[in-house]
Amino acid sequence: MNCKMENAPTVNNGGRLFKNDICFIALLLLIVSALGLCFYLFREEGDEVVVTVNGEVFGTYSLAEDVVVEIRTGEQGCECNRLVIKDGKAYVEAATCPDGICAEHKPISREGESIVCLPHRVVITVRATEPEEAPDIIV
Ligand SMILES: [Zn+2]
């Protein structure tokens, strides 16, 4: 019984503190997610597609222009992924890779989305262009 008397105020205080913490964290999370949502909504659509082969940039293409790019890799260039950019979306129309996963991938248009062709080591990524990109940043 003595224990109960002693513990009661501590538990109450703790409870209140805990509640405040939860409120604070919830508020923080709300702000962060709201900011994140704004960020996401504004940057949702990418502007360009970056194609890398074996980690090296093969080419950069604007999503605003419809284009067909043959990404030829391999020793005789016989490994091919046909990248199509149409209506602001990029997709692999056809590929000579054995698994064909890249060709089955849905069209991508949002920043950060990518299509990967593992057998050809081709990575197609959508990114948003940075308007403030200065030439001296490029190394
Ligand atoms: Zn593939």
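How many residues of β1 are buried? Six of its six residues are, so β1 is mostly covered, where buried means under 20% relative accessible area, exposed over 50% and partly exposed in between (1.4 Å probe, protein chains only). Strands here are DSSP runs (E, at least two residues), as are helices (H or I, at least four), numbered from the N terminus.

This is a predicted model, in which local features need pLDDT of at least 70, side-chain atom pairs count only at pLDDT 80 or more, and totals for chains, interfaces and linings use all residues. Residues are numbered from 1 along each chain as its sequence is written, and side-chain values use heavy atoms, with hydrogens and water left out.

Stay with β1. E48, V50 and T52 point one way from the strand. V49, V51 and V53 point the other way. Strands of a sheet pair through backbone hydrogen bonds, either parallel or antiparallel. Two strands count as paired if DSSP finds at least two bridges between them. β1 pairs with strand β2 (residues 56-62) in the antiparallel sense, over six bridges. In β2, S62 is the bridge partner of E48. The two strands form a hairpin with two residues between them. N54 sits in that turn and has a positive phi of about 60 degrees. β1 also runs antiparallel to β7, joined by six bridges. There, T52 has V123 as its bridge partner.

V50 counts as buried, at 11% relative accessibility. Contact means heavy atoms within 4.5 Å. Not counting residues up to four places away in sequence, V50 touches V57, G59, T60, V123, I124, T125 and R127.

Next, the open sheet. Three strands form it in the order β3-β4-β5, with antiparallel pairing. β3 and β5 are the edge strands, each pairing on one side only. The twist averages 25 degrees from one strand to the next; axes are lines fitted to C-alpha atoms, for helices over the stretch in contact, and angles run from 0 to 180 degrees between N-to-C directions. Seven bridges link β3 and β4. T73 stands opposite E79 in β4.

The largest one has 19 residues, of which V49, V51, I71, L83 and I124 touch the most other members. β1 (48-53), β3 (67-73), β4 (79-86), β5, β6 and β7 (122-127) each supply at least two residues of this core. Beyond four places in sequence, the contacts of I71 include V51, V53, F58, L83, V122 and I124.

N81 is in strand β4. N81 is buried, with a relative accessible area of 0%. Its side chain makes a polar contact with the side chain of H120 (2.5 Å). Such a contact is a pair of N or O atoms within 3.5 Å; within protein, one must be able to donate a hydrogen and the other to accept it, and residues adjacent in sequence count only if both atoms are side-chain atoms. N81 also touches C102 and C117, among others.

The protein donors of the zinc ion are C97 (SG), C102 (SG) and C117 (SG), lying 2.1 to 2.2 Å from it. Donors are N, O and S atoms within 2.8 Å of the metal (3.2 Å for Na, K and Ca); water is not among the atoms, so sites may look incomplete. The donor residues are spaced C-x4-C-x14-C in sequence. C97 lies in the loop between β5 (89-95) and α2 (101-104), and C117 in strand β6 (residues 114-117), 20 residues apart. Both C97 and C117 are buried.

Note on methods
A nonpolar core is a set of buried Ala, Val, Leu, Ile, Met, Phe, Trp, Tyr and Cys residues joined through side-chain atoms within 4.5 Å.
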